[in-house]
Amino acid sequence: MSYLVTLTINRVPRTVELDDPRVTLLDLLRERLDLPGTKKGCDRGQCGACTILLDGRRVNACLALAISHDGADILTIEGLAEGQALHPVQAAFIAHDAFQCGFCTPGQIMSAIGLIGEGQAGDDAERVREGMSGNLCRCGAYRGITEAVLEATRIMADTTQEKAA
Amino acid sequence: MSEIQHMRHGSSIGQPVTRRDGVLKVTGQARYAADNHPSGMLHAVLAVSRIARGRVAFLDIQSARAHPGVVEVMVTANRPALALHPDDKSVPFSFSMDLLQDDRVRYAGQPIAVVIAETLEAATEAAALLAPRYEAEPVEVTLDAAGAFVPESVGVGAPAEMWHGDVEAGLAAAAQRIEATYETPLQFHNAMEPHCVVAAWDGDALSLDLPTQGLALTQMRLAALLGIRMEDLHIRSPFLGGGFGSKLLTGPQVLGILAARLVGWPVKLVLTRAQMYGPVSHRSPTRQTLRLGAAQDGALVAIHHHVRTATSRFDEFLEPSAGVSQAVYAAPAIAITNEAVRLDTGTPGFMRAPGLASGSIALESAIDELADSCGMDPLDFRLKNYAEVEPVSGKPFSSKALRECYAEGAAHFGWAGRPLAPRRMRDADGLLVGWGVGTATFPAHMFQAEARAVLRRDGSGLMESGTHDMGQGAWTAFAQIAADSLGLGLDRLEFRAGHSDLPNAGIAGGSAHTASAGGAIHAAGGQAIARLAELALADPRSPLFGAGNVGVVARGGRLLRRDDENRGESYADILARAGLDMVEGRGSAAADAAATERYAMHAHGAVFAEVKVDPELGQIRATRLVGAFAAGRVINPRLVRSQYYGGMIWGLSFALHERAAMDPRTGRIMNTDLAEYHVPVNADVPSVEAILVEEQDPHVNALGIKGVGEIGITGTAGAIANAVWHATGVRIRHFPIAIEQTSRAA
Amino acid sequence: MNRFEYVRPRSVAEAVAAAAIPGSAYLAAGTNLLDLMKIGVARPERLIDLNHLPDLDIIEQLPDGTVRIGAQVRNADLAHDPDFRQRFPVVAEALLSGASAQLRNMATVGGNLLQRTRCAWFQDTASACNRRAPGSGCDARGGENRMHAVLGWSEHCIATHPSDFCVPLVALDAVVEIEGPAGRREIPLADFHLLPGDTPERESVLAPGDLVVALRLPAEAAGFAAHARYAKLRERTSYAFAVVSAAAALRIADGRITEARLALGGVAAKPWRARAAEAALAGATPDAAAFRRAAEAALAEARPSGDNGFKIELARRIAIRALTLAAAGTPDRLPALPASAFASSSTPRPRGLHV
């Protein structure tokens with residue numbers, strides 16, 4: 001038996017035929033839709049490498065069955081930059097050397113965008129550290145990550161103000 | 001190289017340029033091995049043993065095969081033949097592998113079958129359906145195991161026993177003595193990227209996406225194992241999702257390759273997180289006893305560092321923890337002894353700062369204990385015992401700015417005024433505050449490496465070297481060295497790396513990759529420039545004609561007369577006139593035996609840690625880490641700082657967090673996941689700083705580089721342990737420090 | 001993960017009917033169930049997906065002031081709901097001290113109640129575990145069990161319940177609404193989870209097919225809002241399960257505790273309501289001596305189930321900590337590190353304060 005699942009992925013609507021209900025969103029993206037930017041570090045919700053935005057919220061794609069998210073809107077690392085223009089979080093990650101091996105980075109960046117959107121951390125470094133603690137970085141790039149998130153938060157707030165003005 | 005003198009005025013080395021692979025990594029475009037998906041690819045999943053010793057009596061292959069989507073189950077009987085036994089060690093750094101050679105089980109987590117299926121879901125479930133039955137035998141998996149032996153060597157050929165001076169006499173005469181035993185745990189690398197391979201055969205040719213820290217070694221061993229020609233084996237490894245010593249060739253990756261051969265289709269095999277706690281090496285537990293003696297004035301008179309560690313039953317790697325004690329502090333008598341037991345575990349191996357990480361936390365703790373016995377400030381005590389020459393060998397250091405590290409680190413941290421006695425500081429919230437210091441050290445190694453440089457007719461440059469980027473920044477730092485070696489801006493340089501078809505860049509290990517491959521790149525660029533200069537100097541039409549005696553300078557894509565930089569011409573013009581498309585240079589690097597004989601070569605550092613401890617609950621947080629490091633020339637301070645931060649966070653993890661919990665009844669590790677095998681999270685690292693202390697080393701290698709990848713873990717772990725003592729007054733000698741130990745301090 | 005049939009009901013009634021077939025399991029967020037399926041601990045034949053049911057994700061206030069929280073409300077949404085956070089700050093603090101932001105965005109209220117133990121031998125299908133495989137034994141006994149239960153355990157099982165959320169809920173007299181084949185019923189959360197006894201495989205009062213549809217907090221529970229805190233001891237600063245935790249809620253008038261609530265986490269197979277401690281606090285002055293007496297009362301029945309005797313004293317101390325914080329008053333805004341010992345030491349200071 002196969003199932004049809006409609007998803008909007010990186011702003012593109014797609015209908016996916018699933019031959020197996022066991023497929024997670026993570027494995028769907030990586031193994032079936034050629035979107036391997038989202039990474040699998042533990043497959044158990046314990047590392048955050050697979051973080052995506054699902055209907056605008058950061059979640060662990062490894063613990064979500066694709067079939068259960070029929071109709072969902074998904075944003076992955078591949079859908080972030082607009083043309084050559086990096087998202088402010090992406091640019092800040094480069095500027096602050098917020099990664100080394102880069103494997104956890106897509107998850108860190110998607111998590112950071114989720115965090116900024118949640119609006120709970122603001123410019124408080126300690127709240128950023130707490131809010132980013134669901135993303136392990138074995139290389140230990142945490143200082144750069146925190147600095148990058150704080151800088152991107154400021155830039156995005158300024159941009160929003162400019163747009164409003 | 002040509003006799004002609006030339007100088008390169010590099011403008012890239014030393015610059016904090018951002019990562020050249022940065023955009024790829026932040027946009028998800030960087031392709032890690034498991035991101036590849038060749039046409040027709042199947043998924044392979046390992047089944048691993050749940051017993052640690054015995055044999056596999058039965059596998060339900062029928063049920064696994066019957067699962068929809070399953071293509072094949074690879075077991076001992078149908079595994080493609082190998083040209084060499086998996087235990088063969090003709091290639092350096094080879095360890096025995098478990099490649100389904102028989103039905104024996106020698107550790108929990110050992111691969112016992114491979115399921116190949118059309119989908120990952122099918123392969124995963126079919127592997128579970130194999131439901132193995134075992135004939136289990138009793139296991140020994142702890143340091144208390146019987147049969148301790150004195151090894152011939154530890155680490156990579158280091159002597160297991162070394163006596164220098166009369167330790168016993170020194171201890172007997174010492175005014176202050178301590179004897180203390182420290183325990184460090186079983187640890188696993190846990191790179192964020194699981195070990196994996198995507199293998200595609202084309203006849204006897206094999207193409208691999210395989211994250212490896214040693215392309216050439218992997219290529220050599222794999223070709224030998226598989227019985228294929230080296231030139232038919234192509235390995236892509238542009239990005240490693242972390243390695244930390246675990247990503248040399250290991251059995252599971254070979255099984256993925258054999259699975260592809262068996263089914264005749266490309267295969268991807270990715271380990272689960274849990275499967276990374278067995279066949280891909282680990283850091284052994286250690287039990288270290290230190291006996292230290294000091295004279296009345298605090299001068300060390302004797303150091304004895306004894307280590308008990310473990311290896312597997314079937315292979316040998318012994319964590320060389322005591323080595324640190326012959327490199328750091330001056331003492332007239334120093335002894336190192338080792339013993340080991342054989343356990344029913346996978347074989348240990350290189351894990352970030354092998355020996356030095358585990359040895360440093362013990363030595364730095366013991367030094368602190370002795371400083372306390374002597375009533376001395378722990379930093380003063382370290383300065384009192386500063387080694388002006390390498391303690392055991394008596395060799396001068398090629399360079400050593402440790403004194404400056406202590407001074408700059410202490411000043412920045414605010415060490416002055418630290419109360420000598422423990423449990424004297426609290427913060428505004430009533431949390432206990434403690435400060436500790438540790439000395440960081442790591443030897444400066446050099447390995448064999450090669451590179452090829454090309455200057456092209458369009459004025460651009462190409463550098464090729466099969467280097468490895470596991471996060472340290474190879475794509476960037478090597479490009480900086482290459483650009484300077486060719487007298488080009490970074491924007492005019494193409495750098496090719498991460499592929500086995502490129503010149504052999506050695507290994508990314510021992511903190512020696514930048515020095516080794518960087519040396520080769522530097523030499524290759526130099527040779528290309530020399531060849532170009534020969535063309536110009538011999539050509540009467542060149543403004544450089546006849547400038548051979550004064551030499552030329554290569555800069556910004558132009559060769560210039562050294563005595564008159566207004567006279568020169570572009571590389572493109574030189575090549576065009578010579579009718580050449582390019583000139584090529586080759587370079588290599590290796591340890592300089594004469595210099596190594598004459599000098600002791602180490603990077604050094606001083607790490608200062610502040611911890612806060614909840615006085616009732618015992619929970620600890622390392623609230624500030626300041627490290628000052630001197631490691632020769634810095635190619636890229638931005639990347640180097642990141643290496644230090646990462647190393648220091650590993651030190652924090654060593655002191656406070658990570659530990660595999662072995663069930664001694666079964667030999668199974670009970671926390672093979674990232675929820676219970678704790679590594680630090682972002683909130684564990686509120687403040688980490690690294691100071692780059694100036695150090696020029698004319699002897700260590702052509703570029704004056706010492707390694708920076710591992711030193712950060714040393715010093716830090718001990719500094720944190722010492723800070724916990726200073727906060728609580730309780731000396732904890734069992735790592736990682738656990739809440740039941742600190743809460744007892746309340 | 002085994003193959004399963006996927007069922008997407010359109011109503012609670014359909015869901016309950018579908019789940020009546022043996023081998024069925026409800027899928028809420030899946031943050032715990034899918035994880036257990038991946039490691040082979042759970043192998044359901046049918047998954048009944050609750051994610052498309054209407055009206056299960058609503059937080060509403062009933063006419064009598066009771067707050068009713070739909071079982072599919074996500075942990076983060078509940079914790080950040082301004083009205084809920086103001087009335088039940090201790091619940092928000094517990095929620096935000098658990099797991100990670102990603103998991104809290106997914107995990108549901110109903111699923112949180114039903115999450116399974118983190119006991120390593122429960123999770124390891126090669127080990128004996130009476131909870132997972134009744135009658136097979138308990139390998140946690142005799143293993144490294146420093147994190148296991150010190151209250152309410154039996155020789156058959158020494159596992160703990162891992163939830164943070166449930167700890168303040170049980171203190172505040174939360175009620176679970178259950179829809180089942182036999183209709184709708186309500187159970188106090190305090191009676192919802194079962195201690196292991198001789199049947200550790202029975203973890204809650206739920207019968208096959210029963211569905212948790214909502215959770216209710218009585219209006220009077222909001223009366224503790226001014227003095228309610230959660231404290232959690234853990235082995236890293238964030239993203240770790242509790243070693244021990246405590247939720248304390250006080251009503252204080254004229255310098256005396258008029259009513260106290262105290263519950264402990266990480267100590268038993270259920271969130272542990274400490275009624276004896278509450279009785280000891282009623283009428284007392286909120287001071288260290290009273291809190292110590294309460295903590296002694298809370299742990300009076302505690303005994304080690306292995307290498308975990310240290311947890312008994314730590315449970316006392318975390319209870320004292322939660323009570324002390326509660327007495328000091330609920331802060332206007334939750335600390336940056338919710339429930340943490342380091343909650344207010346957020347800015348690293350250049351120098352320690354010498355005393």
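This is a predicted model: local features need pLDDT of at least 70, side-chain atom pairs count only at pLDDT 80 or more; totals for chains, interfaces and linings use all residues.

Residues are numbered from 1 along each chain as its sequence is written, and chains are lettered from A and ligands numbered from 1 in the order in which they are written.

**Exercise 1.** Describe the side of chain A that touches chain B.

*Solution.* Start with the contacts (C-beta atoms, placed from the backbone, within 7 Å): 49 residues of chain A meet 43 residues of chain B. Next, look for elements (DSSP runs numbered from the N terminus: helices, H or I, of at least four residues, and strands, E, of at least two). Those of chain A that give two or more residues to this side include α1 (25–32) and α5 (142–164). The most come from α5(A), with 5 residues. Finally, sort by class: this side has 24 nonpolar, 12 polar and 13 charged residues. Here Ala, Val, Leu, Ile, Met, Phe, Trp, Tyr, Cys and Pro count as nonpolar, Asp, Glu, Lys and Arg as charged, and the others, Gly among them, as polar.

**Exercise 2.** Find the domains of chain B and describe how they touch.

*Solution.* Domain bounds come from an automatic or database domain assignment, which divides chain B into domain 1 (6–29 + 450–589) and domain 2 (384–445 + 597–743). Their C-alpha centres lie 36 Å apart. Now turn to the contact: domain 1 of chain B provides 21 residues and domain 2 of chain B provides 19 residues. On the domain 1 side, α10 (474–485) and α11 (513–537) of chain B each give two or more residues, and α11(B) gives the most, with 5 residues. Last, the classes on that side are 8 nonpolar, 13 polar and no charged residues.

Technical notes. Two residues are in contact if their C-beta atoms, placed from the backbone, lie within 7 Å.
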